[in-house]
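Biologist: I have a model open on my screen and I'd like to learn how to read it. Could you walk me through it?

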Amino acid sequence: MAKKVDEIKWHELNIGGVIDEPGNAREYLTGDWRSQRPVWDESRCIKCGICWMVCPDVAIYQKDDGYFVANYDYSKGCGICAKECPTGAIKMVEEGR
Amino acid sequence: MIGRKGIEVSLAVAEAAKLCRVEVVSAYPITPQTHIVEHLSELVAEGELEANFITVESEHSAMSACVGAAAAGARTFTSTSSQGLELMHEILFIASGLRLPIVMAEANRALSAPLNIWNDHSDVMAARDSGWIMLFCTNGQEALDLTIMAYRIGEDRRVLMPVMVNIDGFTLTHVVEPVEFPSQEAVDAFLPPYTPAYTLHPDKPVTMGAYGIPEIYTECKFAQEVAMNKSKEVVIEVMDAFGKHFGRSYKAVETYQLEDADVVFIALGAINENIMTAIDEMRTEGKKAGLLNLRLYRPFPGDELLAVLKGKKRIAVIERVMPGGALNSPLYNEITSLAYRSSLTALIKNYVIALGGRDALQSDFRHIFDDIQAAGTKDKKIQKGLNFAMIGVRA
């Protein structure tokens, strides 16, 4: 489905709501569910990659310099990365601050 | 098995599934459906029917297995009754929402409590708005014929919906009736192999049953509702085609002695035959009674009903289920809703009868005829107490 989910008309749907094009979950930006965002303090980060492993939304990426960053289009702000970080390098910051 | 045979209706239904060349059967035995699935398992075990018979631990699993089989593209059959239908309940909506043309023979039976294995319509009425096409049989021949029609209706690309064939428990399932069996060749010519719109196959992966988030759920359900509504044309088309092919004609709405009737009975299922007998008797005494037999219940054939009810003055809606706190029983609510939206000004009364296997007697219909003939305009008003007449209750 080329169209975004909130643009599809009822008569454009496949029978039974079948999805026959893979990967369209990418079009749904879950980042707007977030009330807190993870922020990295690179001075404390040891590049162990635990945050990258535990993110349930695969929303954490490793940058070229080896440090990590979240894709805020998809990060729901669950805080698992901050909880699991062994050096306390990730803080959850209230959105809007 | 070709030609006219004396056969228990349950076995005829199983033979109908065989004639349809069903590929997967999953069912859990429950009285009074048991003989249907027993006979199917025999047919599979003896190699007479090439199908997978999936034994399961409950009706919830039976319907779930049917959903999986139909999603994989198999022609799928199941059968249940009463508590079993209610245990399937949540999966009924998944089968219809996924647009899977499963066919189910539903042996109508009362719901507990009190525990009761006998016939009424409380089971199907609790599932009436689950998105299944619903057909009702009045005799064994119809049980066989409608099972065959159910596949052609459900599998039509314009429809793709599950179909429930309602067969009254015991009063139909357990009686031996003369049933005309078509040849396998004739059924094959009427019912082509099922070609699903989508299947679960690794060569072309699709997702069925994805999340319908708030941004899309409304569109999905509206599309389903429009399709359900439109399926009526296909039901009527298939009934016509069946008549041409097999020589037995069917209509969504059948009538008997209706044209000059002063009182019209409306009912679902096998009780229609009792009413016809009662009408024959009443007619000999000059009582002009007629019948409207609703063979198609979902989608509701409103136009077809109105076309034959036009100008009628008194309508007795015969129901086999308690309203359960609703203003009236379900069919009555729909008939009166039709009247509100049309020029139908008849006096319409709601009669609840024959619950949990209680017999409906000829004298009951005579009583109903006299009751509605004597009724005045006050009977159109909402009553302070119960809004239906209970037939046969000891008081």
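Predicted model: local features only at pLDDT ≥ 70, side-chain atom pairs only at ≥ 80, totals over all residues.

Biologist: Fine, domains to begin with. Which domains does the assignment give for chain B?

Modeller: Domain 1 covers 3–246 and domain 2 covers 253–390 in chain B, according to the domain assignment. Their C-alpha centres are 28 Å apart. Across the boundary, 28 residues of domain 1 of chain B are in contact with 20 residues of domain 2 of chain B.

Biologist: Which element of domain 1 of chain B gives the most to the side that touches domain 2 of chain B?

Modeller: Helix 9 of chain B, which supplies five residues. The elements giving two or more residues to that side are helix 6 (122–125), strand 6 (133–136), strand 7 (163–168) and helix 9 (214–246) of chain B. Sorted by class, the domain 1 side has 13 nonpolar, 11 polar and four charged residues.

Biologist: Now the sheets. In what order do the seven strands of the open sheet in chain B run?

Modeller: Read a sheet by going across it, strand by strand. Here the order is 3-2-4-5-7-6-12 in chain B, and the pairing is mixed. Strand 3 (52–55) and strand 12 (296–298) of chain B are the edges, each pairing on one side only. From one strand to the next, the twist averages 20°.

Biologist: Can you show me one pairing up close?

Modeller: Val24(B) sits opposite Asn52(B) of strand 3 of chain B. Helix 3 (residues 59–71) of chain B packs on this sheet, touching strand 2, strand 3 and strand 4 (76–80) of chain B. The direction of helix 3 of chain B makes about 165° with that of strand 4 of chain B.

Biologist: And what is the order of the six-strand open sheet in chain B?

Modeller: That order is 9-11-10-13-14-15 in chain B, again with mixed pairing. Strand 9 (253–256) and strand 15 (389–390) of chain B are the edge strands. Inside the sheet, strand 10 (residues 263–267) and strand 13 (residues 314–319) of chain B pair in the parallel sense over four bridges. Ile266(B) has Val317(B) as its bridge partner in strand 13 of chain B.

Biologist: Which strands does helix 12 of chain B lie across?

Modeller: Helix 12 (residues 330–340) of chain B lies across strand 10, strand 13 and strand 14 (347–352) of chain B, at about 150° to strand 13 of chain B. Helix 13 (residues 362–374) of chain B also runs across strands, among them strand 11 (289–294) and strand 15 of chain B, at about 140° to strand 13 of chain B.

Biologist: What about helix against helix? At what angle do helix 1 and helix 7 of chain B cross?

Modeller: Look at the angle, then at the side chains. The axes of helix 1 (residues 9–19) and helix 7 (residues 140–155) of chain B cross at roughly 20° and come within 9 Å. The cut-off for roughly parallel is under 35 degrees, so helix 1 and helix 7 of chain B count as roughly parallel. Their crossing is right-handed. Residues that meet there include Val13(B) and Ala16(B) from helix 1 of chain B, and Leu144(B) and Ile148(B) from helix 7 of chain B. By class, the contact has nine nonpolar, two polar and no charged residues.

Biologist: Why is helix 7 of chain B called oblique to helix 9 of chain B?

Modeller: Those two helices pack at an angle of about 130°, with axes 10 Å apart, and that makes helix 7 of chain B oblique to helix 9 of chain B. This crossing is right-handed. Helix 7 of chain B brings Asp145(B), Met149(B), Arg152(B) and Ile153(B) to meet residues of helix 9 of chain B, including Val238(B) and Phe242(B). The contact divides into seven nonpolar, no polar and two charged residues.

Biologist: Last one: how many residues of chain A are in contact with chain B?

Modeller: 14 residues of chain A are in contact with 19 residues of chain B. The chain A side has eight nonpolar, three polar and three charged residues.

Methods:
Residues numbered from 1 in each chain as written. Chains lettered and ligands numbered in written order. Contact = placed C-beta atoms within 7 Å. Nonpolar A, V, L, I, M, F, W, Y, C, P; charged D, E, K, R; others polar. Axes fitted to C-alpha atoms, helices over the stretch in contact; angles between N-to-C directions. Parallel < 35°, antiparallel > 145°, perpendicular 65-115°, else oblique. Left-handed = near helix turned anticlockwise from the far one by under 90°. Domains from an automatic or database assignment. Pairing = 2+ DSSP bridges.
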